[in-house]
Amino acid sequence: SGAYNTLGRWRQAQEMGGRAVELDPNNIEARRAFAFSLNWIGRYDLAAQQLEEAIAVHPNLDFLYFELAGAYSGLKAYSSMIAIYEHVLELQHHFIS
């Protein structure tokens, strides 16, 4: 999926990303690449779902939250986006303290 994303072949990236996630649902890079391709074609809802599932498995990876906030932005779900940013600040505070 990542290679297709790089080439701008979004539909193929989406198809391969979906397949990769089916084969290995806990693969964080597969979910991220799949979400990226979904965002690119305007499927922010499905991208958000992929990122939410990735966060459920890897809750301490702050970059996932930033990517999820981007999907929420596409959905115009600004209150959810703000909540995500606040959560990331909380995570950062937890690791710094």
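Gln 50 counts as buried, with a relative accessibility of 9%, where buried means under 20% relative accessible area, exposed over 50% and partly exposed in between (1.4 Å probe, protein chains only). This residue is found in helix H4; helices (H or I, at least four residues) and strands (E, at least two) are DSSP runs, numbered from the N terminus. Leaving aside neighbours within four places in sequence, Gln 50 is in contact with Val 21, Arg 31, Phe 34, Ala 35 and Leu 38, contact meaning heavy atoms within 4.5 Å. Gln 49, also found in helix H4, is partly exposed, with a relative accessible area of 37%. The C-alpha atoms of Gln 49 and Arg 31 are separated by 9.8 Å, and the two residues are 18 apart along the chain.

The structure is a predicted model, in which local features need pLDDT of at least 70 and side-chain atom pairs count only at pLDDT 80 or more, while totals for chains, interfaces and linings use all residues. Residues are numbered from 1 along each chain as its sequence is written, and side-chain values use heavy atoms, with hydrogens and water left out.

The secondary structure of the protein comes to 6 helices and 0 strands, and the pattern read along the sequence is α-α-α-α-α-α. The radius of gyration is 14 Å, close to the 13 Å that the globule rule gives for 97 residues, so the protein is as compact as a globular protein of that length. Here the radius of gyration is taken over C-alpha atoms, and the globule rule is 2.2 Å times the number of residues to the power 0.38. Along its principal axes, the C-alpha trace spans about 40 × 30 × 20 Å. Of the 97 residues, 32% count as buried. Among the contacts with a separation of 6 or more, 42% are accounted for by residues 24 or more positions apart. The accessible surface comes to about 5,900 Å², and 57% of this surface belongs to carbon and sulfur atoms; accessible areas come from the Shrake-Rupley method with a 1.4 Å probe, and for residues only the protein chains shown count as cover.

The buried residues of H2 are Trp 10, Ala 13, Gly 17, Gly 18 and Val 21. Seen down the axis of H2, these buried residues fall within an arc of 130°, so they line one face of the helix; the arc is that of the directions from the helix axis to the C-beta atoms. On the other side of H2, Arg 11, Glu 15, Glu 22 and Leu 23 are exposed. Gly 18 counts as buried at 15% relative accessibility. The C-alpha atoms of Gly 18 and Phe 36, which are 18 residues apart along the chain, are separated by 12 Å.

A search of the whole structure finds 5 salt bridges, a salt bridge being a side-chain nitrogen of Lys or Arg within 4 Å of a carboxyl oxygen of Asp or Glu. One of these joins the side chains of Glu 22 and Arg 19 (3.7 Å, N to O). Both residues lie in helix H2, 3 residues apart, about one turn of the helix. Glu 22 counts as exposed at 59% relative accessibility, whereas Arg 19 is partly exposed, with a relative accessible area of 44%.

Other salt bridges connect separate helices. In the salt bridge between Glu 53 and Arg 31, the closest N and O atoms are 3.1 Å apart. Glu 53 lies in helix H4 (residues 44-57) and Arg 31 in helix H3 (residues 28-40), so the pair ties together parts that are 22 residues apart in sequence. Glu 53 counts as partly exposed at 32% relative accessibility, while Arg 31 is buried, with a relative accessible area of 7%. Arg 32 forms a salt bridge with Glu 67, with the closest N and O atoms 2.4 Å apart. This pair links distant parts of the chain, Arg 32 being in helix H3 and Glu 67 in helix H5 (residues 62-74), 35 residues apart. Arg 32 counts as partly exposed at 24% relative accessibility, and Glu 67 counts as partly exposed at 25%. Glu 29, Arg 32 and Glu 67 are linked in a network of salt bridges.
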